[in-house]
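Let's take a walk through a protein together.

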Amino acid sequence: MKAQLNAYEEKMKKTLDVLSKELAAVRAGRANPAVLDKITVEYYGAPTPLNQVAAIEKAIQVSDLGINPQNDGKQIRLNFPPLTEERRKELIKGVSKTGEESKVALRNIRRDAIDKFKAAQKKSEMTEDELHEGEEKMQKLTDKYVKEVDAMVSKKSKELAEV
């Protein structure tokens with residue numbers, strides 16, 4: 001059962017990694033190259049990350065970042081205008097939504113684990129006590145990672161609220 005719990009914990013860690021990357025890509029008023037990571041363009045029929053494309057300027061213009069690139073022939077300059085209060089509120093809502101989606105993913109991992117534990121118990125591969133122990137450990141893991149998600153979302157929301 002220890003190996004199973006470790007496997008589910010790894011899935012939970014991956015969920016936090018995804019959330020971390022999502023939050024890093026949210027513009028918080030400061031220049032951050034991660035805001036461009038979400039932009040993909042169709043390149044030879046396949047969605048391609050912006051950093052692998054020659055037509056970067058055009059892709060940035062069609063993104064919803066509100067940035068107008070300036071190209072001097074050698075480099076592309078991105079001027080990040082200050083965020084409006086309305087835009088900050090929108091971004092905070094988006095961050096909260098992303099956090100909720102991460103918590104749902106964590107709960108789904110917990111549910112899958114508990115279902116597997118119950119199936120193993122029905123097949124007599126696990127005792128009832130082991131089942132309850134596994135359920136408790138999964139709940140503790142879930143609680144731990146949900147707290148981390150809340151902390152990450154709270155930190156990003158505060159960062160966005162700063163003027």
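Predicted model: local features only at pLDDT ≥ 70, side-chain atom pairs only at ≥ 80, totals over all residues.

The protein has four helices and four strands. Of the 163 residues, 33% are buried. Now think about who touches whom: take the contacts between residues at least 6 apart in sequence, and 63% of those join residues at least 24 apart.

Let's start with helix H1, which covers residues 2-24. Helix H3 passes a similar check, because its 38 residues should span 56 Å and its end C-alpha atoms are 55 Å apart, which agrees. H4, with 34 residues, reaches 49 Å from its first C-alpha to its last, close to the 50 Å expected at 1.5 Å a residue.

Which residues of H1 are buried? They are Leu 5, Tyr 8, Glu 9, Met 12, Thr 15, Leu 16, Leu 19 and Leu 23. Look at the spacing of the numbers with this rule in mind: an α-helix has 3.6 residues a turn, so residues three or four places apart point the same way. And what do the buried residues of H1 pack against? Their partners are helix H3 (85-122) and helix H4 (128-161).

H4 has a buried set too: Leu 131, Gly 134, Met 138, Leu 141, Thr 142, Tyr 145, Val 146, Val 149, Val 153, Lys 156, Ser 157 and Leu 160. These buried residues of H4 pack against H1 and H3.

Next, how do the helices lie against each other? H1 and H4 pack at an angle of about 10 degrees, with their axes 11 Å apart. An angle under 35 degrees counts as roughly parallel, and that makes H1 roughly parallel to H4. On the H1 side, the residues that meet H4 include Leu 5, Tyr 8, Met 12 and Leu 16, while the H4 side includes Met 138, Leu 141, Tyr 145 and Val 149. Sorted by class, the contact of H1 with H4 has twelve nonpolar, three polar and six charged residues.

The axes of H1 and H3 come within 10 Å and cross at roughly 170 degrees, which makes H1 roughly antiparallel to H3. H1 brings residues such as Gln 4, Lys 11, Thr 15 and Glu 22 to this contact, and among those from H3 are Val 95, Leu 106, Ile 109 and Phe 117. Here the residues divide into eleven nonpolar, five polar and five charged.

What sits in the largest nonpolar core? That core has 25 residues, and those with the most contacts inside it are Met 12, Val 95, Leu 106, Phe 117, Met 138, Tyr 145 and Val 149. The elements that give two or more residues to this core are H1, H3 and H4. Zoom in on Val 95, and, leaving aside its neighbours within four places in sequence, you'll find it in contact with Leu 23, Val 26, Val 153, Lys 156, Ser 157 and Leu 160.

Now for a few single residues. Glu 9 lies in helix H1. Is Glu 9 buried or exposed? Buried means under 20% relative accessible area, so Glu 9, at 18%, counts as buried. Not counting residues up to four places away in sequence, Glu 9 touches Leu 141, Lys 144 and Tyr 145.

Arg 111 is found in helix H3 and is partly exposed, with a relative accessible area of 44%. Arg 111 and Met 138 are 27 residues apart in sequence, and their C-alpha atoms are 8.9 Å apart in space.

Finally, find Ser 124 in the loop between H3 and H4. Ser 124 has a positive phi of about 65 degrees although it is not a glycine. At 66% relative accessibility, Ser 124 counts as exposed.

Note on methods. Residues numbered from 1 in each chain as written. Heavy atoms only, no water. Expected span 1.5 Å × (residues − 1). Buried < 20%, exposed > 50% of the residue type's maximum accessible area, 1.4 Å probe, protein only. Contact = heavy atoms within 4.5 Å. Axes fitted to C-alpha atoms, helices over the stretch in contact; angles between N-to-C directions. Parallel < 35°, antiparallel > 145°, perpendicular 65-115°, else oblique. Nonpolar A, V, L, I, M, F, W, Y, C, P; charged D, E, K, R; others polar. Core = buried A, V, L, I, M, F, W, Y, C linked by side-chain atoms within 4.5 Å.
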